[in-house]
Amino acid sequence: MYTQTEIIKDTTQLNSNGNEGELVINVGPQHPATHGVLHLVITLNGETIKKIEPHLGYIHRSIEKMCESLTYRQFIYVTSRMDYLSAHINNLACALCVEKGMQIEVPERAQVIRILMSELTRIASHELWVGAMAMDLGAFTPFFYTFREREVINDIMEQTCGARLTMNYMVPGGTMYDLHPDFQNRVKAFIIQFTSKVTELEDLIANNIIFQNRTKGVGVLSAEDAISYGCTGPVARGSGVSCDIRKIQPYSGYEKVSFEEVLEPAGDSYARYLIRIREMYQSISIIEQLIDNIPEGDFQAKTKAVLKLPKGEFYTRVETARGELGVYIVSEGGTTPYRIKFRSPGFSNLSALNHMVKGSKIGDLMATMGTLDLVIPDIDR
Amino acid sequence: MQNEEIKEYIISQEPEAKFDETGEWLNVIINPLSWRLLAEKLKHADLQLDYLFCLTCIDWKTHLTMVYHLTSTKYRHSIVIKTDINRTAPQIETVSDIWRTAEFHEREVFELFGVEFLHHPDLRKLILTDDFEGYPLRKDFEDPINMIKL
Amino acid sequence: MFSLAHITQIIHDWLYSSFDPTLALIIECAIVILVAIGIFAVLGLVLVLMERKVAAHIQIRLGPNRVGPGGMFQTVADTLKLIMKEGLTPDLADKFLFNLAPFLVMIVAMLLLAPIAFAKGVQIWDINIGVLYISAVSSLSVIGILMAGWASNNKYSLLGAMRSGAQIVSYELSAGFSILTIVVLTGSLRLSDIIASQENGWWIFKGHIPVIIAFILFIIAATAETNRAPFDLAEAESELTAGFHTEYSGMRFALFFLAEYINIFIVCAIGATLFLGGWMPLHIGGWEGFNHLMDYIPSSFWFIGKTFFLIFLIMWFRWTFPRLRVDQLLNLEWKYLLPISLINLLLVTVIAIMGWYF
């Protein structure tokens, strides 16, 4: 992006005049704090950030174009590769959209399994986030503690779905297989383990004065800005914006379970941290409500071998671990979508980054970018 | 707010608007030239449609359709705005200063569909390389090297 | 009773009886240089392994466990790898300074080994201004870091070096003041005198609360001066990739890496000497029998034990705390630590004048 002479020019400018000199540094595409191939061009004045420009596309695979030539059964598998940390929920969004178009009634059992899997995914994703966030702030150890719990979820997923990361478990009409007979016991064991260990994180991270100083009042996003930038998920809820799709537009039987939408008014990085920790407790409570009440019956509705959506437009919104995922299918009545659009949460959340960190220090950039929970394949699609 | 009230309000602002209620939400089909003025009213006036949750474009081979999904975080009603634009030299006014999320979404549409957003503050390629030619999400885009079609 | 002092004395006597004094001095110098380099290398290997094992233990994993029994030779293998790696010099870097910087940092670390008393009578150079010498020389390492950051022609390195400069210059103050408290109590700058003054109890026990405060301040300042987490802003992995040594590879990187660990050893050794009595066994004034019992443990064991305890403490910090932000780091020093250490020094002076210590 920048030639070498430009680099030299920048460096000398900084030396000759501290006020006018702007130091342009490239954070990424390979950088420990960007968790993927995000490329930020940062304009600095000393340690203070003047501007941040994201450069995307290093792993843009044009999933939307690919989906135009895949059938309604096939395209779901591609979406696991978008937000790989909430692969289940991505699959669910697509399955729901196809079901909406074809008006397929999903059996109760499948709906409950879907919620269980979604919430397990959410916990796993938030666990990973807590660890990665702490690592962004320079504390390495919490990463290993959170991965210990995440590993258990991955094992549970592996047992039922046959995969640990890109599960491809949701299909139009239900789920691909039935639950593993051991599923309930293992989830219950996990709940016991999780609730006893999550306090460790509180002690290690949230009660640490350095962590609090690093995150309180950092990267503040007001409620109006959160809405205007289209932020969703824990980022918007950390600013006090109620935006949980599970409450606003319940899908897949979320209206039947009781849980709270966690809101924090402060809008800083610490609020976003608290939101995610509390959401994990909410997810655990949802799982506890359902794990002993999985209805008997089919795990999949009877569907035709070849799915054809009627002519029209279908939009589903689901709440992934990062925020609102929208799937917009435009159908011409064929076996493949005419146009498909994924409204990914990370893309909108990233657009608020410049606004949030302008004028703060480089360290704050990491503390803010960490709390946005960016998954780059989700942004690039 | 009910669809009828929304319709009434939009008709009062934009008499040429057409409506389509077959989908999940109320679809409003408008003229691209009147979009900018209507957008400002939609956000600030009675409807309070303050959240643009999806902005995209569809290539119909004869024309392009811009699709804006709007919702209100206060009243929880949603509408879809659609407007057809010319395919050879597509142009539409930006709404990135009304809903700031549109800034990135419009840049994405700009490079993948070639729609020029007038008065956009920073209309550059976001995902593709600067020297990339063609608009990948248009239906006639063919890439012989990285084939996407099966 | 086994003592290293006898061995050094025997070697010294033998050299001076067999050769003329000039030659004996030269031979002694050569031996000392070899020993210093040996200590440098061995300490580097041991401390890196220790760091990894401590980290692994804290992070519920095993750590290196393949090379040698329990992974003991892992760092040896790593060093071999680093020696064989190509040492890249970036284009447009200031080649001379770029190559000089790691050596400067290492030389400073080795110079600091000189006044440290490893055991009773085992000290390379018992200089009469030992404490002053340590404060003066240790602040030179910042020049090496600034040099590395500037010469690399990399913006990350430059930012890291600037941070490191600001940090070391600031924390030098509270480190200096906390060292001064002991100097005030002892009345001598010579390290052997300071150790001898702790014969009837270590200063941390004798000196009441002000010395404990000084000890805590010293540990904080030492962590900051060695650029260790939570003060590792000069490296700040998640912000500046590797800070001032981003562009270094191969053996030049290894020198920085080793120097970091030697510096940790040195500050911990100084902390152990000043506050925990150096090689002096745990003595309690008046308890003759107990003191004799403690004397049976060799003095080198006492020194190594205390030093490694402090090193463990600093490693524990690193694997527990998140990193501070650069302005918070400077606030902490100038707004809190410096005033506290000034007042603390005043208190200690009062104690020393009134003779209130044990």
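Colleague: To begin, are Asp83(A) and Arg322(A) buried or exposed?

Modeller: In this predicted model, Asp83(A) and Arg322(A) are both buried.

Colleague: What do their side chains form with each other?

Modeller: The side chains of Asp83(A) and Arg322(A) form a salt bridge, with 2.7 Å from N to O. Asp83(A) is in the loop between helix 3 (75-79) and helix 4 (87-102) of chain A, while Arg322(A) is in the loop between strand 6 and strand 7 (324-331) of that chain, so the pair ties together parts that are 239 residues apart in sequence.

Colleague: How many salt bridges does the structure hold over all chains?

Modeller: Over all chains there are 41 salt bridges. One of them pairs Arg317(A) with Glu324(A), where the closest N and O atoms are 2.8 Å apart. Arg317(A) and Glu324(A) are also buried.

Colleague: Which residue of chain A forms a salt bridge with Glu108(B)?

Modeller: The partner of Glu108(B) is Lys341(A), and the closest N and O atoms are 3.5 Å apart. Glu108(B) belongs to helix 3 of chain B and Lys341(A) to strand 8 (residues 339-343) of chain A, so this pair joins two chains. Glu108(B) and Lys341(A) are both buried. There is also a network in which salt bridges with shared partners join Lys51(A), Glu53(A), Arg107(B), Asp122(B) and Arg124(B).

Colleague: Let us stay with those two chains. How many residues of chain B are in contact with chain A?

Modeller: Chain B has 41 residues in contact with 41 residues of chain A. About 3700 Å² of area is buried between chain B and chain A, and carbon and sulfur atoms give 55% of that area.

Colleague: And how many salt bridges and polar pairs are there between chain B and chain A?

Modeller: Five salt bridges are counted between chain B and chain A. In one of the salt bridges of the structure, Glu53(A) meets Arg124(B) at 2.9 Å, N to O. The interface of chain B and chain A also has 20 residue pairs in polar contact.

Colleague: Which elements of chain B supply at least two residues to that side?

Modeller: They are strand 3 (51-59), strand 4 (63-71), strand 5 (78-86) and helix 3 (102-113) of chain B. Strand 3 gives the most, with eight residues. By class, the side of chain B that touches chain A has 20 nonpolar, eight polar and 13 charged residues.

Colleague: Now for chain C. What is the area buried between chain C and chain A?

Modeller: That area is about 3100 Å², of which 62% comes from carbon and sulfur atoms. On the side of chain C, the residues that lose the most area to chain A are Lys155(C), Pro322(C) and Arg325(C), together 21% of what that side buries. In terms of contacts, 29 residues of chain C meet 41 residues of chain A.

Colleague: How many salt bridges are counted there?

Modeller: Two salt bridges are counted between chain C and chain A. Glu47(A) forms a salt bridge with Arg163(C), with the closest N and O atoms 2.4 Å apart. There are also nine residue pairs in polar contact between chain C and chain A. The side of chain C that touches chain A takes two or more residues from each of helix 7 (155-186), helix 11 (237-240) and helix 15 (326-354) of chain C. Helix 7 gives the largest share of that side, five residues.

Colleague: Helix 7 of chain C also holds Ser157(C). Why does Ser157(C) count as buried?

Modeller: Ser157(C) counts as buried because its relative accessibility is 0%. Leaving out residues up to four places away in sequence, Ser157(C) touches Gly149(C), Ser152(C), Gly243(C), Phe244(C), Thr246(C) and Glu247(C).

Colleague: What about Lys311(A), is that residue buried or exposed?

Modeller: Lys311(A) counts as exposed, because its relative accessibility is 63%. Lys311(A) is in the loop between helix 12 (269-291) and strand 6 (312-319) of chain A. A polar contact of 2.9 Å joins the side chains of Lys311(A) and Glu332(A).

Colleague: Last topic. How many residues has the largest nonpolar core?

Modeller: The largest nonpolar core has 77 residues, and those with the most contacts inside it are Phe75(A), Met117(A), Leu120(A) and Tyr273(A). Helix 5 (residues 108-136) of chain A contributes the largest share of this core, 12 residues. Another core, of 70 residues, lies apart from it and includes Ala55(C), Met106(C), Trp202(C) and Val211(C).

Definitions and conventions: Residues numbered from 1 in each chain as written. Chains lettered and ligands numbered in written order. Predicted model: local features only at pLDDT ≥ 70, side-chain atom pairs only at ≥ 80, totals over all residues. Heavy atoms only, no water. Core = buried A, V, L, I, M, F, W, Y, C linked by side-chain atoms within 4.5 Å. Buried < 20%, exposed > 50% of the residue type's maximum accessible area, 1.4 Å probe, protein only. Helix = DSSP H or I, 4+ residues; strand = E, 2+ residues; numbered from the N terminus. Contact = heavy atoms within 4.5 Å. Buried area = accessible area lost by both parts, 1.4 Å probe. Salt bridge = Lys/Arg side-chain N within 4 Å of Asp/Glu carboxyl O. Polar contact = N/O pair within 3.5 Å; in protein donor to acceptor, adjacent residues only side chain to side chain. Nonpolar A, V, L, I, M, F, W, Y, C, P; charged D, E, K, R; others polar.
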